[in-house]
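Let's walk through a protein model together, starting with charged side chains and ending with a helix. Keep the structure open beside you as you read.

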Amino acid sequence: MTRLKIKEILSTGKTGTKTLAKGWVRTKRGSKNVNFIALNDGSTIHNLQVVADTGKFDEQLLREINTGAALAVEGTLSESQGTGQNVELLAEKIELLGKADPEKYPIQPKKHSLEFLRENAHLRFRTNTFGAVFRIRHTMAFAINKYFNEKGFYYLHTPIITASDAEGAGQMFRVSTLDAVNPPITEEGKPDYSKDFFGRPTNLTVSGQLEGELGALALGEIYTFGPTFRAENSNTTRHLAEFWMIEPEMAFYDLKDNMDLAEEFLKYLIRYALEHCSDDLSFLSSRLKEEEKNKPQDQRSMDLVEKLQFVLNSEFVRLTYTEAIDILKNSKPYKKNKFQFPVDWGVDLQSEHERYLVEKHFKCPVILTDYPRDIKAFYMKQNDDGKTVRAMDVLFPQIGEIIGGSQREEVLEKLENRMKEMDIPSEEMWWYLDTRRFGSVVHSGFGLGFERFVQFVTGMGNIRDVIAFPRTPKNAEF
Ligand code: 4AD
Ligand code: MG
């Protein structure tokens, strides 16, 4: 008999048909005569109820059917007596594929804290919450590729090991095969990287953008979607040392085109989630409601599905950094000294400022543009005022910055001057500058932090809970 996935059984299974299901036991309950086993195989949030008459099976076998054990069950589908499912499986044959000692198995049929599950990240996929999160994460990754494919963008795989520092933030992980204790030394007493694997210092990439630009200036429209690495020591709910980023890069796009694409893209993904992940979303939404029960009414956040629909139907507000600073300076929290970080033209906005603008002032997603050039990367298009650049950050409720991007400086001389001012060695970047030497055109792009986006869609408060095996300072277990 061929095995059917539980998702299929529950949606199209007909009563009276013989069926084989395989999966892991979530719970077993029952009476002297009958056992109800909730079986889950990961294909859906819903369990298949297996009904096993005590008399039909070996006592030892029944005793070993515990939470976490793996089973193959053959039987006949019948109309369910209980609520919550249409069909159940009347077991005729049960094979215990893998035992799970109930004394030792960490995932018990009760509420575990997210912290506990993080320590058991290897098994947390077997919970409803993480099953839902990772099915949604998959669906979003698929929708991203689908969106760009439909628009004629090419998926470009940019390197993970690089010799350049795209963001100029200097928060990179070195990649080296030199002996860490006794490296070869130069005459100046420094490690001799000419003896290293690549013959030069190399790092894990902080962004695929620079290589992405090379692709866009030939293929027209490309996107990257891969792991990126930042060695910043931030222990927040929105930072990872290893995260995934989607970076579209488009020839002939100016900042306005860039913003339009970002807004359309985000809405496409949210609509796709609502249409294809409704079971998982409604589970996560009730989970959040449960979590918020103890909060006072006015501090509870919007229902998850309502929030997604709200963003889908709202037009993102667009304003400049300078206008945002004015709003912040006239805000209640500013006047009452409630912001932890300073608000002044020229300083980088902190998450508390971004969230004030989105959640309190505009009450919808916001795109901020034209930031001071001194707080942004060297490659951004310089405005004529000599002070600002054509940057754009998309700010989302509960998340803050979800996208960072810009129009790029396409004028060779301006780009070289900016690099000189910022001490970026232009000789090493000759290949990047060549695009400005030969057939340079207006172009733009942005980066969407995949985990921050999945956090938004799932409502998960901590970024560590939307990536399978989070990498954060002092944490690389599993
Ligand atoms: O704003 P960032 O640093 O922009 C870039 O890297 C550009 N090269 C993108 C481009 O124009 N092609 O990062 C982009 C996004 C942020 O808005 C945020 O969502 C996410 O990447 N991000 C992080 N996500 C998790 N952990 C971190 N440490 C992150 N740093 C940035
Ligand atoms: Mg940024």
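This is a predicted model: local features need pLDDT of at least 70, side-chain atom pairs count only at pLDDT 80 or more; totals for chains, interfaces and linings use all residues.

A salt bridge here is a side-chain nitrogen of Lys or Arg within 4 Å of a carboxyl oxygen of Asp or Glu, while helices (H or I, at least four residues) and strands (E, at least two) are DSSP runs numbered from the N terminus. Side chains of opposite charge can pair when their charged atoms come close. By the salt-bridge rule, the count comes to 34.

How open to the surroundings are these partners? Buried means under 20% relative accessible area, exposed means over 50%, and partly exposed lies in between (1.4 Å probe, protein chains only). E74 is partly exposed at 25%, and K93 is exposed at 51%.

Now look at D192 and K195, whose side chains meet in a salt bridge of 3.1 Å, N to O. D192 is buried, with a relative accessibility of 12%, whereas K195 is exposed at 56%.

Next, find helix α6 (residues 255-276), where K256 and D260 sit four residues apart, about one turn of the helix. Their side chains form a salt bridge with 2.8 Å from N to O. K256 is partly exposed at 47%, and D260 is partly exposed too, at 30%. This pair belongs to a network of salt bridges that links K256, D260, E263, K267 and R318.

Finally, turn to helix α12 (residues 412-421). Which of its residues are buried? They are L415, R418 and M419. These residues cover an arc of only 100° around the axis, so they lie on the same side of α12; the arc is that of the directions from the helix axis to the C-beta atoms. On the face turned away from the buried side, you will find the exposed residues E413 and K420. The cover over the buried residues of α12 includes α13 (430-437), where contact means heavy atoms within 4.5 Å. Just after α12, D423 takes a positive phi of about 60°.

A note on reading the model: residues are numbered from 1 along each chain as its sequence is written, and chains are lettered from A and ligands numbered from 1 in the order in which they are written. Local features need pLDDT of at least 70, side-chain atom pairs count only at pLDDT 80 or more, totals for chains, interfaces and linings use all residues, and side-chain values use heavy atoms, with hydrogens and water left out.
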